[in-house]
Amino acid sequence: MNDLRPVALTSVAMKSCERFILQYIKRLTVNLMDDHQFAYRKGRNTDDALLFTLDTLYSHLEDSKSGKVSARIMFFDFSSAFNTMQPHILANVLLGSDDVPHALVRWVLDYLTNRSQFVRIGRDVVSDIMECSTGAPQGTVLAPFLFTLYTSGIRSTDLSCPLIKFADDTALVGRIKNDDDRIYREQIANFVAECDRQLSPS
């Protein structure tokens, strides 16, 4: 059972509504997006993420003026990332932009909270209905983009260790000068601490 994940089967009307909201919210949140997030953005794809990662690695290794230089890369894999989103934290992210109206923030909160869900096996076996107010419903139009907004504030604070994201796949590329990896380790610790704050179930 632990290998299964909930997928939301929403109506055609709801999917159409989500597409309108998605185009609207994308225009309003351009200033919130992390420049190193390559997913769900026009003109960007996995190739861009890979090329940026390789270019960063090669740039680190070619920086011979700084003495002995090496490069390290740490890959992070979120566990049940979409299921652990906290709607109130996303609302605060959206409220951080003057362009996003409060009515839209309330709509997103309504979309993510008090969701009724159940499991059906075959035609006759149906579980009890339960309400869920954590996470984003997987399989919907809006969920992937809302997740990228949710994690937009998780960034590296040092240019020598950029944090590269593609949806919930993340890599930290570090430059190590003269075997001093303190900055690299600090960025990893900061990333983990921020993820614990935002992605741990409340």
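Where in the chain is Asp181 found? In this model, Asp181 sits in the loop that links β7 (169–177) to α6 (182–199). The model is a predicted one, in which local features need pLDDT of at least 70, side-chain atom pairs count only at pLDDT 80 or more, and totals for chains, interfaces and linings use all residues. Residues are numbered from 1 along each chain as its sequence is written, and side-chain values use heavy atoms, with hydrogens and water left out.

Read from the N terminus on, the elements follow the order α-α-β-α-α-β-β-β-β-α-β-β-α. Along the principal axes, the C-alpha atoms fill a box of roughly 65 × 40 × 30 Å.

Asp181 counts as buried because its relative accessibility is 13%.

What does Asp181 touch, leaving aside residues up to four places away in sequence? Its partners are Arg72 and Ile176, with contact meaning heavy atoms within 4.5 Å. The side chains of Asp181 and Arg72 also make a polar contact (2.8 Å). A polar contact is a pair of N or O atoms within 3.5 Å; within protein, one must be able to donate a hydrogen and the other to accept it, and residues adjacent in sequence count only if both atoms are side-chain atoms.

Notes: Helix = DSSP H or I, 4+ residues; strand = E, 2+ residues; numbered from the N terminus. Buried < 20%, exposed > 50% of the residue type's maximum accessible area, 1.4 Å probe, protein only.
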